[in-house]
Amino acid sequence: MMISSPHAHDRSSVERTMYLVCFALLPATLLGFYLFGWPAINLWVLCIASALASELLCLSLAGKRMSFALDGSAILTGWIIAMTLPPWGPWWLAVTGTLFAIVIGKHLYGGLGQNLFNPAMLTRVGLLISFPLEMTTWASVNPITEASAPGFLQGLEITFLATPLSDGLTGATALGHVKTALTAAIPSTVSVAEIFNVNDALTGFTRGSLGETSALLMLAGGIFLIWKRIIHWYIPVALLVTVAAMATLFNSIDAERYAPAVYHLLSGALMFGAFFIATDPVTSPSNVKGQLIYGMGIGLVTFIIRTWGSFPEAIGFAVLFMNAMTPIIDRYFRPRIYGYNYKGAPLKVAKE
């Protein structure tokens with residue numbers, strides 16, 4: 001008689017995980033649609049559509065079932081890319097970015113679960129380096145219900161015809177403004193006070209990508225994912241605590257040069273990156289100690305680049321850097337196998 005071992009079952013699946021992450025992103029995304037109107041909606045739709053088209057192309061070339069395109073991974077990749085682009089960016093940013101993410105960032109490594117680097121962040125960094133002007137042109141908040149907001153047809157023109165935006169419709173993000181001010185010898189105490197408002201940062205009424213809108217909604221989405229056990233708290237907490245600790249330390253040393261912790265925590269895409277990017281299970285370490293070190297590493301690299309680097313936002317660079325470190329972290333911080341010590345040697349059993 002064949003006897004099988006007992007098995008533990010739960011409701012986990014690729015589809016459930018991917019669509020729950022999409023659901024967690026929905027509130028911040030809808031707020032972004034409201035704040036930036038039809039151009040942002042157009043860009044989001046383009047990212048999703050081109051991600052699915054790229055996925056179907058790769059599956060066809062690999063001889064795999066087309067139904068795999070509906071597992072949610074391509075949709076989530078396109079969604080995350082849309083959250084990192086300027087809301088009023090041209091259509092080709094969305095198409096080029098998602099094509100690169102799916103073909104190069106995902107399927108070139110073997111498909112779902114095989115990629116070394118986070119595809120969305122690989123795309124974000126690649127576009128930023130290749131097209132710095134288009135990737136740093138930020139539309140001012142102009143709610144879709146306002147009379148001055150672009151209508152549906154005007155939104156299509158902005159997205160597909162690359163209609164130039166007047167200076168009155170664009171401006172710098174909080175991170176970009178403070179970075180530029182420091183190069184002009186303007187103290188951070190002055191520049192932060194000029195552009196950064198805690199309430200606006202929490203609620204999302206500020207320039208930036210859809211992933212840089214409401215820090216509060218990003219935090220709420222992250223807590224939802226922790227509650228649903230899609231992610232664990234180790235990476236985001238380690239990341240945010242590290243950034244806060246570094247910012248507090250240097251701000252206490254020289255407040256004129258270094259911005260306070262609340263500015264770093266609520267500006268840019270830090271909350272988005274902490275809960276929705278850094279926690280990617282494929283490109284992050286597999287055990288608790290490794291995840292804590294990984295999160296601390298992302299926080300440290302993010303603060304270093306934001307403070308002394310050329311780019312005001314750094315979460316994408318930091319995630320890719322620590323993605324490359326994940327195999328090393330997993331090697332030196334492997335979980336102990338039951339019955340063996342951390343070096344892999346069998347445990348001695350006491351004789352009765």
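**Two helix pairs in a predicted chain**

Let's start with helix H1 (residues 14-36) and helix H11 (residues 215-227), which pack at an angle of about 165° with their axes 9 Å apart. Axes here are lines fitted to C-alpha atoms, for helices over the stretch in contact, and angles run from 0 to 180 degrees between N-to-C directions. That angle makes H1 roughly antiparallel to H11 (angles over 145 degrees count as roughly antiparallel, under 35 as roughly parallel, 65 to 115 as roughly perpendicular and the rest as oblique). H1 passes H11 in a right-handed crossing, meaning that the near helix is turned clockwise from the far one by less than a right angle.

Who touches whom? On the H1 side the contact (heavy atoms within 4.5 Å) is made by Leu20, Val21, Phe23, Ala24, Leu25, Pro27, Ala28 and Leu31, and on the H11 side by Leu217, Met218, Gly221, Phe224 and Leu225. Sorted by type, these residues come to twelve nonpolar, one polar and no charged. Ala, Val, Leu, Ile, Met, Phe, Trp, Tyr, Cys and Pro count as nonpolar, Asp, Glu, Lys and Arg as charged, and the others, Gly among them, as polar.

Before going on: this is a predicted model, where local features need pLDDT of at least 70, side-chain atom pairs count only at pLDDT 80 or more, and totals for chains, interfaces and linings use all residues. Residues are numbered from 1 along each chain as its sequence is written, and side-chain values use heavy atoms, leaving out hydrogens and water.

Now for the second pair. The axes of H12 and helix H14 (residues 270-277) come within 9 Å and cross at roughly 155°, so H12 and H14 are roughly antiparallel to each other. H12 passes H14 in a right-handed crossing. Pro236, Leu239, Leu240 and Val243 of H12 meet Leu270, Met271, Ala274 and Phe275 of H14, and the contact divides into eight nonpolar, no polar and no charged residues.

Stepping back, the chain has 16 helices and two strands (DSSP runs numbered from the N terminus: H or I of at least four residues, E of at least two).
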